[in-house]
Amino acid sequence: MKKKSFIVIWLMVPFCIFSCVNLKSVSNFSATSTASISNFENLDYTFSDHCKDRCEDEAVRKFELSRALECSCDLYSKADSVTRVLYQTINGYFVGLGNLAQNELTNYSANAAVNAMTASEFGPLKIDENLVGAYSAISNTLLRATTDFYRKRKIAAYIGEANGPIQVLLDKFQIIILSNLKGELRFKRERLYVYYMDMKMNRTLLSDYEKGKATRDYYQALDDIQLKEKQMDVFAQGLQEIGRGHQALYENRDKLSVKNLALTMLDYSAQVEVLISEFNQLNH
Amino acid sequence: MANLTSEQANKLSDDFFYLATAIVDFRYENWDRLTLEENLELSELQGSILRCGEDILAFSTTLVMDEVAESLAKISSITVEIKDTIRTLTSVQKALDTAAGILILGVAIMQRDPGAIGNSIKDLFATWKGPVA
């Protein structure tokens with residue numbers, strides 16, 4: 001019986017080799033991309049925030065007091081909705097791709113069948129333990145070989161189909177963050193400059209202390225804006241790297257288990273991770 | 001504005017920004033020459049131009065939606081397909097568990113054990129009807 005098990009295990013070797021499909025590069029890259037894209041939630045500045053800030057700034061400038069600040073921000077809410085749809089769609093895709101590429105997905109277990117075969121309550125029907133072990137190993141390997149091959153084929157097809165549209169979405173998402181949302185901050189900066197400059201030109205501030213305080217306040221507010229701008233820059237750079245990484249996956253989609261691709265993807269993942277770390281540092 | 005692209009809108013916003021800063025600089029450079037009314041009027045004008053530039057940027061973002069509609073639809077449908085594939089793969093585990101249940105049932109039948117047959121059928125039914133992990 002032992003000899004039989006040995007032969008069975010030897011027969012299994014080719015399947016083992018075929019089953020070793022390395023989707024780790026896809027899985028790791030997707031996970032890093034998702035972490036980077038999710039930093040959108042930590043930007044902590046939206047179009048609606050900008051609209052409310054503007055409303056407040058104008059009330060301060062005109063010294064207008066009302067029981068509740070009323071701002072018309074419908075257009076800005078719409079801009080936020082569009083940005084959110086882009087964010088969720090891109091994020092959803094990378095989460096899905098990552099889930100499909102992770103090995104745990106096909107870590108099927110034939111334990112239930114093995115337990116059934118070795119259960120003592122089956123009385124006279126005794127199955128040799130070595131044979132049961134061999135059965136278990138073969139069934140797991142065969143399952144893995146077929147499902148991993150299927151997964152690899154599917155992932156390659158999805159990457160092929162998705163590359164064009166995902167590049168468009170990543171590109172537009174970058175433009176929205178860098179040109180539009182960050183662009184709004186440029187206007188905020190200008191409004192701030194005018195507010196303090198008017199104070200200076202009108203000689204509103206008399207004491208040295210007031211002047212010093214106003215100057216400090218101005219530069220502090222400017223620093224806060226610049227920090228937000230820097231966060232947006234880093235976030236957008238992350239999107240750009242993700243786009244490049246996906247392009248590399250697309251160009252190599254037919255050799256997803258090749259070692260060179262794993263190294264290339266490691267490089268893209270590392271670059272995105274550096275940007276995530278830079279973003280986190282700015283956020284603290 | 002119907003055929004305006006987001007890129008054109010961004011360019012317009014830039015123009016409004018530079019126009020507003022030009023007025024700001026003019027105001028400060030000619031502060032003593034301007035009457036109070038002129039100064040106020042310029043200040044209001046520059047404020048309105050800044051607001052307009054900001055609004056255009058927000059508007060430009062909404063225009064992006066039309067430009068990416070096709071890509072959005074495509075990625076959304078691919079994501080649904082990926083989820084379906086994942087569901088198919090996880091249901092393999094269910095098939096395995098079901099197969100194990102059938103094996104237990106088979107052995108119980110071979111042993112002509114009514115109690116074990118009843119339990120096996122019950123377990124098998126629960127496995128089959130259970131949610132896909």
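1. Helices here are DSSP runs of H or I with at least four residues, numbered from the N terminus. In this predicted model, Thr79(B) is found in one such element, helix α2 (residues 36-110) of chain B.

2. Is Thr79(B) buried or exposed? A residue is counted as buried if 20 or more other C-beta atoms lie within 10 Å of its own. Thr79(B) has 22 such atoms within 10 Å and is therefore buried. Leaving aside residues up to four places away in sequence, Thr79(B) touches Gly92(A), Tyr93(A) and Gly96(A).

3. Chain A contributes 50 residues and chain B contributes 45 residues. On the side of chain A that touches chain B, α3 (47-62), α4 (74-101), α5 (111-118) and α6 (129-201) each supply at least two residues. The most comes from α6(A), with 24 residues. By class, this side of chain A holds 29 nonpolar, 11 polar and 10 charged residues.

4. Within chain A, helix α2 (residues 24-38) packs against α4(A) at an angle of about 155 degrees, and their axes are 8 Å apart. Because angles over 145 degrees count as roughly antiparallel, α2(A) is roughly antiparallel to α4(A). The crossing of α2(A) past α4(A) is left-handed.

5. Which residues meet where α2(A) packs on α4(A)? Those from α2(A) include Val26(A), Ala31(A) and Ile37(A), and those from α4(A) include Tyr87(A), Phe94(A) and Leu97(A). This contact has 9 nonpolar, 7 polar and no charged residues.

Definitions and conventions:
Residues are numbered from 1 along each chain as its sequence is written. Chains are lettered from A and ligands numbered from 1 in the order in which they are written. This is a predicted model: local features need pLDDT of at least 70, side-chain atom pairs count only at pLDDT 80 or more; totals for chains, interfaces and linings use all residues. Two residues are in contact if their C-beta atoms, placed from the backbone, lie within 7 Å. Ala, Val, Leu, Ile, Met, Phe, Trp, Tyr, Cys and Pro count as nonpolar, Asp, Glu, Lys and Arg as charged, and the others, Gly among them, as polar. Axes are lines fitted to C-alpha atoms, for helices over the stretch in contact, and angles run from 0 to 180 degrees between N-to-C directions. Angles under 35 degrees count as roughly parallel, over 145 as roughly antiparallel, 65 to 115 as roughly perpendicular and the rest as oblique. A crossing is left-handed if the near helix is turned anticlockwise from the far one by less than a right angle, and right-handed if clockwise. A residue is buried if 20 or more other C-beta atoms lie within 10 Å of its own, exposed if 12 or fewer, and partly exposed in between; C-beta atoms are placed from the backbone.
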